[in-house]
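Subject: Structure for your review

Dear colleague,

Please find below the structure that I am handing over to you.

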Amino acid sequence: MLDARLAAEAAGDLAEAARRRLRVRIFRLFARLAWLRADLTEAEAGVEVAGARRRELVARVAEAVAPEVALARAEIDLAEAEDDAAQVRDELARSEAALARLVDPAGGPRRFLIADDELTAVPSALDPGALTERAIRERPELRAAERRADQAELSLRRERRAALPWPSWAQVNYYAGAVGPAPPVGFGVALELPLLSWNLGAIRSAAARVRERDLESRAEIAAVAGEVEDALGRLRRADARVHALQGELLPRVDAAAQRAAAAADAGALDVLEVLDLEARRIAARRLELAARHERRGAVLDLEAAIGAPLGR
């Protein structure tokens, strides 16, 4: 009965691990969709800026106030921007198809709704010790290792019981005659000693398996603790980069673009400079989006290491 229970629990742990991996894959695709949709918006804005720059240079070349090489470069920039947007659009379609196959292999094309904070929300108060303890409780691999250790211990007890002596015959006698020098009551028992069946090799082998399973369990715990530590480190680095981009790069690019637009309206700055700064601002926003996607991936890595969602 105990063997059957342990086997059933082990099978349940394997199924739970498979569900956990599937959940992580689905959430990774949702994060990718959120990133690609936002990135496509920025890429299309980049196409608009490149197109506006080309149109401005076409007019200037026609008026002979700009060299044709500048127009050629603008056409190259536009072609590259259009190709980049097409690549993002294609990758978005492939990711949506991959997610649809995961959630419903027999279903057709789907349109997925993405939460507004998919790339924004980050868990707070991440304590390494508490996360490691939670991983030890949650990870099905650790429970499976513990059950393998229990099975090895059970096998060792069986081998030891098989080598114990057991009674095969017992008898009680009472002498009803005249009382003699010997006591009237007698008791006899026969014990079968498995002298020839003592399987000391099997006991030693079972004991070695117990030690091996215990070492495996300790190694699993150490590996999981290392996974949690590594994933937490990646999350902290990714979060620091997002904050650096949001606190340093984006405000500076936005301020420069706004000042350039105001100067162009006043006639003090070439419109091409304004368009160049706008292109830089779009590139900065795309960089920040990629950083937030990387941070979301780090969150999912940490959840995979723990074996459960972190919560928001």
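The notes that follow concern salt bridges.

This is a predicted model, in which local features need pLDDT of at least 70 and side-chain atom pairs count only at pLDDT 80 or more, while totals for chains, interfaces and linings use all residues. Residues are numbered from 1 along each chain as its sequence is written, and side-chain values use heavy atoms, with hydrogens and water left out.

The structure holds 20 salt bridges (a side-chain nitrogen of Lys or Arg within 4 Å of a carboxyl oxygen of Asp or Glu). One of them joins the side chains of D301 and R28, at 2.2 Å from N to O. This pair links distant parts of the chain, with D301 in helix α6 (residues 271-306) and R28 in helix α1 (residues 2-62), 273 residues apart. Helices are DSSP runs (H or I, at least four residues), numbered from the N terminus. D301 is partly exposed at 23% relative accessibility, and R28 is partly exposed at 32% (partly exposed lies between buried, under 20% relative accessible area, and exposed, over 50%, with a 1.4 Å probe and protein chains only).

E96 and R37 form a salt bridge with their closest N and O atoms 3.1 Å apart. The pair links E96 in helix α2 (residues 68-103) to R37 in helix α1, 59 residues away, and both E96 and R37 are buried.

Within helix α6, R281 and E278 are 3 residues apart, so about one helical turn separates them. Their salt bridge has its closest N and O atoms 2.8 Å apart, and R281 is buried at 17% relative accessible area. Finally, salt bridges with shared partners join R32, D90, E91 and R94 into one network.

Yours sincerely

Key
Helices (H or I, at least four residues) and strands (E, at least two) are DSSP runs, numbered from the N terminus.
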